[in-house]
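Open the model in your viewer and keep the selection tool ready. We will go stop by stop.

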Amino acid sequence: MKILLGALGVALVLVVFWDAFETLILPRRVSRRFRIARAFYRTTWSLWTLGARVPRTTPRRETYLSYYGPLSLLFLLAVWGGGLILGFALMIEGVGRVHAAGAHTFLSLVYLSASTFFTLGLGDITPANRLGRLVTVAEAGAGLAFLALVISYLPVLYQSFSRREVRISLLDERAGSPPSAGELLGRRGPVYAESGLQFLREWELWCAELLESHLSYPVLAYFRSQHDNQSWLSALTVILDACALVMAGMAEITDSQARLTFAMARHAAVDLAAILGTPPVRGGVDRLPPEGLDRLRRHISESGLTPAAGERAGEELRSLRATYEPYLRALSAHLRMPLPAWMPAEEASDNWEVTAWEGRPARRWMRRGPSPRQH
């Protein structure tokens with residue numbers, strides 16, 4: 001029986017360490033079905049979202065959901081630590097005896113394992129043979145290694161989050177709050193006619209960074225943006241929508257860079273849906289019905305751009321949307337992040353226009369941007 005307990009302890013320690021290695025160190029996607037971290041996030045996120053039904057207002061609901069990312073990270077570290085402590089306690093039970101002041105129970109072994117793991121060295125319970133001492137020394141080293149992993153993991157994680165949010169914040173004045181492809185192209189059309197290639201190239205790089213960071217650290221997908229009407233999913237959707245519009249036909253903007261950015265953005269959407277275990281959702285409410293497309297074209301035309309019209313252009317746009325919208329719907333349903341509309345809401349205010357002391361902006365002097373003559 002002791003041998004079986006010792007073997008179970010070894011297996012538990014190896015499984016926990018391997019899961020922590022794949023999550024914190026391995027810089028690639030893990031396709032294995034069962035993982036402690038994956039099971040943890042699927043279970044806890046399902047339970048956490050049940051509480052999102054209680055808040056009646058969007059700000060309170062978003063605040064509640066925003067706590068999950070950081071808290072889940074702390075709880076996952078606690079699960080790993082608890083698994084290691086329990087595993088080493090089973091190993092001590094299987095390989096030797098201990099000297100204890102009181103009665104020898106399994107809880108006293110867990111206490112010995114915890115004090116060793118956190119390198120307390122209290123000495124009130126000690127192993128009584130060589131194998132027990134060897135396990136104790138190994139656990140002390142494991143505790144230091146685990147602490148070093150955590151210390152190095154958190155700064156990298158928050159640096160990736162910060163880089164992601166900087167670009168999202170730049171969409172505020174360019175595409176509105178919440179952002180939309182129609183506002184992105186319609187607000188500063190003359191500017192994008194000249195600088196559209198550079199703009200799309202920068203967002204191609206952002207999509208690549210988003211894919212790399214969120215595949216390496218999937219917990220970042222649950223970290224929400226600073227404002228309730230912004231999210232990484234909304235930004236990704238707006239870029240895909242804008243690229244699809246340019247590829248379907250935009251006389252002033254060449255589609256060469258739009259195709260590259262579209263490919264990178266769709267790659268990010270598909271792979272992130274796979275890593276989060278969300279299969280594509282076909283059907284549902286059409287984000288851009290025919291009457292909405294006509295209104296979108298008129299809105300963009302007012303800015304000085306010339307979107308392609310006709311049934312052929314509309315069919316090409318629908319074909320492009322069908323390649324990425326099912327994955328965005330799946331991510332939206334799973335993460336409780338609404339997808340942006342193609343057109344901005346009437347009289348919507350940008351985040352930069354509203355302050356804590358002013359409910360509505362007094363002026364919108366930068367809304368439509370400079371005139372074409374200035375560029």
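A disulfide is counted here when two cysteine sulfur atoms lie within 2.5 Å. Keep that cut-off in mind for the first stop. One caution before starting: this is a predicted model.

**Stop 1: the cysteines.** Now check burial. Cys243 is buried, with a relative accessible area of 0%. Cys207 is buried as well, also at 0%. Across the structure, the disulfide count is zero.

**Stop 2: the core.** Next, bring up Trp80, Trp232, Leu236 and Leu245. These residues have the most contacts inside the largest nonpolar core, which has 95 residues. Colour helix α9, residues 232–248; this helix gives the core its largest share, 14 residues.

Stay on Trp232 and show its surroundings. Leaving aside residues up to four places away in sequence, Trp232 touches a list of partners that includes Arg164, Ile168, Trp206, Phe223, Leu272 and Met337. Leu331 and Leu335 are also among them.

**Stop 3: the aromatic pairs.** How many aromatic pairs does a search of the whole structure find? It finds 17. Select Phe40 and Tyr41 to see an edge-to-face pair, with 5.3 Å from centre to centre and 80 degrees between the planes. Both residues are buried.

Move to Phe161 and Phe223. Their rings form a tilted pair, 5.8 Å centre to centre, with 55 degrees between the planes. Phe161 belongs to helix α6 (residues 130–175) and Phe223 to the loop between α8 (189–216) and α9, so this pair ties together parts 62 residues apart in sequence. Both Phe161 and Phe223 are buried.

Now widen the selection to Phe40, Tyr41, Trp45, Trp48, Tyr64, Tyr68 and Tyr222. Ring pairs link these residues into a cluster.

**Stop 4: a charge over a ring.** Select Arg167 and Trp203. The charged end of Arg167 sits over the Trp203 ring, 5.9 Å from the ring centre.

**Stop 5: helix α13.** Select residues 325–335. Why is helix α13 described as largely enclosed by the rest of the structure? Ten of its eleven residues are buried, so the rest of the structure largely encloses the helix. Glu325, Arg329 and His334 are among the buried residues. Show α2 (36–50), α9, α10 (256–275) and α12 (311–322); the cover over the buried residues of α13 includes these helices.

Arg336 takes a positive phi of about 60 degrees.

How values were computed: Residues numbered from 1 in each chain as written. Predicted model: local features only at pLDDT ≥ 70, side-chain atom pairs only at ≥ 80, totals over all residues. Heavy atoms only, no water. Core = buried A, V, L, I, M, F, W, Y, C linked by side-chain atoms within 4.5 Å. Buried < 20%, exposed > 50% of the residue type's maximum accessible area, 1.4 Å probe, protein only. Helix = DSSP H or I, 4+ residues; strand = E, 2+ residues; numbered from the N terminus. Contact = heavy atoms within 4.5 Å. Phe/Tyr/Trp six-rings, centres within 6.5 Å; stacked < 30°, edge-to-face > 60°. Lys NZ or Arg CZ within 6 Å of the ring centre and 35° of its normal.
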